[in-house]
Amino acid sequence: MSKQTLVIGASLNESRYSNIAIHKLKANNYHVEAIGLKKGIVSNVVVNTEKKVFENIDTITMYLSPINQKQFYNYIVDLNPSRVIFNPGTVNEEFINFLKKNKISTEIACTLVLLSTNQY
């Protein structure tokens, strides 16, 4: 099985980057979970509105503004992913430092670019 990715800030709106990322992750055969403001389905992925306990999350790709990330700090640390990707507009030095203190790797990058250049 491929490494699992959790998209936080998932949108049902097809023009949003989080939505496009879910489609591209699925097209590249990644197992995807998602959390967003509205329940729904994107590319056969259920978008949850609650902080569900997912098993074996390798990567979290962040699509929330820094001000909306604080409520996810402990949740993400408890999931213990290998890395958290901060997409453009989501960079949060406080959270990055918190993750590093908890031995979670961080990356300031664009998930879509990483996928299209085979660096994901």
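**Pocket and sheet: a quick chat**

Mentor: Start with the largest pocket. Strand E1 gives the largest share of its lining, 3 residues. Keep in mind that this is a predicted model.

Trainee: How many residues line the largest pocket, and which lie nearest its centre?

Mentor: The lining has 27 residues. Nearest the centre are Gly 9, Ala 10, Ser 11, Tyr 63 and Leu 64.

Trainee: Which elements give two or more residues to that lining?

Mentor: Strand E1 (4-10), helix H1 (17-27) and strand E2 (31-36).

Trainee: How much space lies in the pocket? And how do the lining residues divide?

Mentor: About 650 Å³. The lining splits into 12 nonpolar, 11 polar and 4 charged residues.

Trainee: Switching to the sheet. What is the strand order?

Mentor: E3-E4-E2-E1-E5-E6-E7, an open sheet of 7 strands with mixed pairing. Strand E3 (40-42) and E7 are the edges, each pairing on one side only. From one strand to the next, the twist averages 25°.

Trainee: Where does H1 lie?

Mentor: Across E1, E2, E3 and E4. H1 runs at about 165° to E1.

Trainee: Do E2 and strand E4 run parallel or antiparallel?

Mentor: Parallel, with 2 bridges joining E2 to E4 (residues 45-48). Ala 34 has Val 47 in E4 as its bridge partner.

Trainee: And at the other end, what joins E6 to E7?

Mentor: 4 bridges, between parallel strands E6 (residues 83-86) and E7 (residues 105-108). Arg 83 sits opposite Ser 105 in E7.

Technical notes: Residues numbered from 1 in each chain as written. Predicted model: local features only at pLDDT ≥ 70, side-chain atom pairs only at ≥ 80, totals over all residues. Heavy atoms only, no water. Pairing = 2+ DSSP bridges. 1 Å grid on protein atoms, 1.4 Å probe; cavity = no way out; pocket = protein on both sides within 12 Å on 5 of 7 lines; lining within 4 Å. Points joined across faces, edges and corners; volume = space filled by probe spheres on them. Nonpolar A, V, L, I, M, F, W, Y, C, P; charged D, E, K, R; others polar. Axes fitted to C-alpha atoms, helices over the stretch in contact; angles between N-to-C directions. Contact = heavy atoms within 4.5 Å.
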